[in-house]
Amino acid sequence: MTHLLQIENLSVDLVVHRRYRKVLQDVSITVEKAEVVSLVGESGSGKSMTARSVLSLLPAQGKMSGGIAFDGQSLIGASYKEWQKFRATKAAMIFQDPRASINPVHRIGDFLTEALVHNRGMDRHEALERAATLLEQVGIDDATRRLRQYPHELSGGMLQRVMIASVLLIEPQLILADEPTTALDVTTQADVIAVLDDLRAQRDMAMLFITHDLELAAAFSDRIAVMYAGFIVEVSTPAQLHARPLHPYTAALLHSRPMLHERTARLPQISGRPLSAFEAPPGCPFQDRCPYVQPRCSESMPQPLLIAGSIVRCHRASELELVSTVGAGGGQTHG
Amino acid sequence: MGDAVHSAETDHVRRLNGPAVEVAGLRKVFRVSGGVGGRRHRDFVAVEGASFSLEQGHSLGIVGESGSGKTTIARMLVGIDTASGGSIRVAGRDRSTPAKSTSERRRRGSEMQIVFQDPYTSLDPRQSINRCINEVLKLHRTMTENERRQRIIELLDQVGLTEHQGLVLPKNLSGGQRQRVAIARALAAEPAVLVLDEAVSALDVSIQAQIINLLNDIRERTNMAYIFISHNLAVVRQVTDQTLVLRKGVVVEQGDTEKILDAPENDYTKLLLASVPEPGWKPRRVRADAALSRESEI
């Protein structure tokens, strides 16, 4: 079976302070047609870099190994032109901060129609009409006026809708969304997510959604991949992940979230701090913070195991009985 | 956790006989320039008529979205901004108008300290952690050099940092560690009230849990009062016992945190709660402009 997106054993090294440093290690994940997959993790876990690799948007001198295939076609070794074409037609990215990624000196209308006019040779008036229709669909009133405005005249939530519209305009098969609502207020976030999910589903588009918010990921993705120090440590469905996390890191992350509906006398905390891939010790990167650590954890990173439909990389995954909430089985993770 | 902390504790008890913070009818108006050449001005009301009272040892959450005026309230409390109207009393003393002397300003600093959101910009990059805390001790406490050295070690220990970490520059510390430094620096003045302006919002989940626990420990131990500003309702639940919900500068609901989060009465509070993602959450699609005009009728 052909996957829409298949990432296989992807490793990425970037130059930091004149030295190559690992940012992704052995990352494998697939996204099917019309499927939403979330990449969840803390800062430095490699979630953004995974998405950027898919569009070949790595910083200069970045080294990449492993495979990336789209619709059965390998993208490794593609020329600059081919990448450009891929980014203009097949996959598009929504960035976290729309104000930083939309050119402030161009009108909204120019920004939205650029791709259609330049890449598809569409007539400018026709393109503007399509842009106006789409602005209405993402929940912006008075679209014709908005098209004449500049980015500084729009609020953050409004501008993120423009960003979403710009991505939908080129009708990609895959949307990469890098924390698209993190900079927005909660009520705006709810709305923007609803818009994004509605329109994506109507058009059968797949999405790779990057967030640090486990709840948000659970709310609308089909599968969640949890990342830590450049590795994917667990891939599961939202229900399964919350009911029975398999990796100690996933369980600890679920534990340490403050709950909206009850006050916890003391949040179970993970000692230490999240590591970047290049700082991680040999073996499992979570070993220093893991309450279940064993000598073999420092010897090798376990290969992905399939347990009850989930994929997990932990030596002890099959023997551990982890729970996601405090009280459901005693606080098993402690600081 | 030595004697110094205990003396700090008794200090607070002795110092305060009334509420730690009393705010009545607080108002802030900003003059916004507009028109040709910025000659036409209009008034923008950032905070309108906020009143609350906070007992010592208690924690008050101020929640709201961007532009709701929560940070403006914090800035007026600590004296970065001057209130346009209303009164502020901290530790029983009025601070509605700017301090008239250095000693008055210093005294205000020793009564109330603030921790900001971004630990990357709130520390001097060229000052070691020890010097950063030492400066506050010199300013606010009468101590010998030896006593200060001892106190720095205690403060670092209290926020979970080692003696060695006191020697380094901020750039050598992670975001969570820097936020611990900012908290230690604030504690050094032994204030009666600590203002935390989105102090855990920029932190990763696992680090956020550590800092929340730390804040709860400190409050229990020192009987300090907190004003905890946040947009994150789940965090507010963990750290506060009273909450005030702000919308466009106006307090729409205030009371016990549990009551507000479990049984909100105001429609805007309900909307805020309904917008928090959780299992089974289905985001509602509302037209941006429509949502705003609908809520403004409240």
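Helices (H or I, at least four residues) and strands (E, at least two) are DSSP runs, numbered from the N terminus. With that in hand, here is a tour of a predicted model, in which local features need pLDDT of at least 70, side-chain atom pairs count only at pLDDT 80 or more, and totals for chains, interfaces and linings use all residues. Residues are numbered from 1 along each chain as its sequence is written, while chains are lettered from A and ligands numbered from 1 in the order in which they are written.

Let us start with two backbone angles in chain A. A:Glu179 sits in the loop between β7 (174-178) and α8 (186-202) of chain A, and A:Asp26 belongs to strand β2 (residues 19-31) of chain A. Both have a positive phi, as the table shows. Most residues other than glycine have a negative phi. For the last column, a residue is buried if 20 or more other C-beta atoms lie within 10 Å of its own, exposed if 12 or fewer, and partly exposed in between, with C-beta atoms placed from the backbone.

| Residue | Phi | Other C-beta atoms within 10 Å |
|---|---|---|
| A:Asp26 | near 55 degrees | 17, partly exposed |
| A:Glu179 | near 45 degrees | 18, partly exposed |

Next comes a helix pair in chain A. The axes of α4 (residues 108-120) and α7 (residues 156-169) of chain A come within 9 Å and cross at roughly 20 degrees. Here axes are lines fitted to C-alpha atoms, for helices over the stretch in contact, and angles run from 0 to 180 degrees between N-to-C directions. The crossing angle makes α4(A) roughly parallel to α7(A) (under 35 degrees; over 145 is roughly antiparallel, 65 to 115 roughly perpendicular and the rest oblique). On the α4(A) side, the contact is formed by A:Ile108, A:Phe111, A:Leu112, A:Ala115 and A:Leu116, and they meet A:Val162, A:Ala165, A:Ser166 and A:Leu169 of α7(A). Contact means that C-beta atoms, placed from the backbone, lie within 7 Å. By class, this contact has 8 nonpolar, 1 polar and no charged residues; Ala, Val, Leu, Ile, Met, Phe, Trp, Tyr, Cys and Pro count as nonpolar, Asp, Glu, Lys and Arg as charged, and the others, Gly among them, as polar.

Helix α11 (residues 248-256) of chain A is mostly covered, with 9 of its 9 residues buried. Its cover includes α9 (214-220), β9 (223-228), β10 (231-236) and α10 (238-243) of chain A, together with α7 of chain B.

That leads us to where the chains meet. The contact takes 38 residues from chain A and 34 residues from chain B. On the chain B side, α7 (205-222), α8 (233-239), α10 (267-274) and α11 (288-295) each give two or more residues, and α7(B) provides the largest share, 7 residues. The side of chain B that touches chain A divides into 17 nonpolar, 9 polar and 8 charged residues.

Finally, chain B itself has 11 helices and 10 strands, and 44% of its 298 residues are buried. An open sheet of 6 strands runs in the order β6-β7-β8-β3-β9-β10 (chain B), with mixed pairing; strands pair if DSSP finds at least two bridges between them. β6 (112-115) and β10 (250-256) of chain B stand at the edges with a single partner strand each, so one side of each lacks a neighbour in the sheet. From one strand to the next, the twist averages 15 degrees. Strand β9 (residues 242-247) of chain B runs antiparallel to β10(B) and is joined to it by 6 bridges; B:Gln242 has B:Asp256 of β10(B) as its bridge partner.

Notes
Contact = placed C-beta atoms within 7 Å.
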